[in-house]
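The model is a predicted one.

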Amino acid sequence: MRFFISIAIIALLSGCADLGYYWHSVNGHLKLMSQRVDIEDLLADQALAADLRERLTLVGEIRLFAVDRLALPDNASYASFVQLDRAYVLQNLFAATEFSTQLHSWCYPIVGCTSYRGYYDEARLQRYIDSLEKTGLEVYVGQVSAYSTLGWFDDPVLSSFIDWPEYRLAGLLFHELVHQRIYIDDDSEFNESLASAVQQAGTILWLQARQQTVQLAGYQLWLNYRREVMQLIASTQGELNQLYAQPIGDDEKRLQKRVIFARAVKTHAAIAQARGIADGYSDWFASEMNNAKIGSVSVYNARLPAFLKMIEFYRGDFAAFFTYVEQLGELPRMARDLCLDAWEMSAEGNQHCAESRD
């Protein structure tokens, strides 16, 4: 997950109207950066707790793997550590109208538009939620364990994720480092789906390299479950979009909308039971369902199949893969989307993309 702190500094200098939000962003991020402690210094301290020493050492190994095997940036990110006073670093807000799953977007200088808005301050977040709900928007808030500053800062390891299982820790670092290598303005689906694809493929390679057969089997089980859940969410979004396009009254739309969400919750329970997943997305489905919540998931998965096929096509040569993705990112949005559509249909989608560049 990303939150672009650099926009705050630019906005303050450019006289942006929403100075309160930007100042809060600058303040929150700089406070976080000021708490960094070099991991090398921590490891040199004989009094360091054994479990934290083990996890920080593991981070270093994951970081080397990311550079050597996945062609991810070799920089000073994740060479420092911050102990937070809560289980997440910030919260991201998503919003959508009552009869659309299209997410509201916020636009910023330099980095363009994103489909979410990050908050360190819970009171400020709640005030903004209240203002959005008064206009009829539906909102969803997700807790964020980590974010990338796209290389503007040396991102630290955070206590919010340091104790995650090995496969999740590795996957998160791979995901965030992808954002430092490639970022396309105004295309959250492209950026997040790309990072998610490298996260998945990279995690499998990491576990194989470590001969973690038990964790690998568990991760494959999780991916199969997650794939079904993502298909469920995508089909639910499709049902909602069809409903909202119908020439019927708002009350009838609200009624059918509740039915669609209730069916999705029931279907997920069946999937989790069949896969033997005790928790997974159960809490996510158990809490209030709305358009913003559904839309927030599609941002991270809409183009995932296309990027996974690219990685397979390049046979795990991530340097070549990223070179190609960089070329793809230079295409106009419409041509880029057509190219991704082609990849989803066939692993030979690159031929279509070559034609799009000509």
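Two residues are in contact when heavy atoms lie within 4.5 Å. Among the contacts in this chain with a separation of 6 or more, 74% join residues 24 or more positions apart.

The overall dimensions come next. Along the principal axes, the C-alpha atoms fill a box of roughly 70 × 50 × 50 Å. Of the 358 residues, 51% are buried, where buried stands for a relative accessible area under 20%.

The accessible surface of the chain amounts to about 16600 Å², and carbon and sulfur atoms contribute 52% of that area. As for charge, the chain carries 45 negative and 31 positive side chains. The centres of these two sets are 4 Å apart.

In secondary structure, the chain has 15 helices and 8 strands. Three of the strands form an open sheet in the order 1-2-8, and the pairing within this sheet is mixed. Strand 1 (37-38) and strand 8 (157-158) each have a single partner strand and stand at the edges, so one side of each has no neighbour in the sheet.

How do strand 2 and strand 8 pair, and over how many bridges? Strand 2, residues 80-82, runs parallel to strand 8 in this pairing, which has 2 bridges. At the residue level, Val-82 has Leu-158 of strand 8 as its bridge partner.

Key
Residues numbered from 1 in each chain as written. Predicted model: local features only at pLDDT ≥ 70, side-chain atom pairs only at ≥ 80, totals over all residues. Heavy atoms only, no water. Helix = DSSP H or I, 4+ residues; strand = E, 2+ residues; numbered from the N terminus. Buried < 20%, exposed > 50% of the residue type's maximum accessible area, 1.4 Å probe, protein only. Areas by Shrake-Rupley, 256 points an atom, 1.4 Å probe, with all protein chains shown as cover. Lys, Arg positive; Asp, Glu negative; His and termini not counted. Charge placed at Lys NZ, Arg CZ, Asp CG, Glu CD. Pairing = 2+ DSSP bridges.
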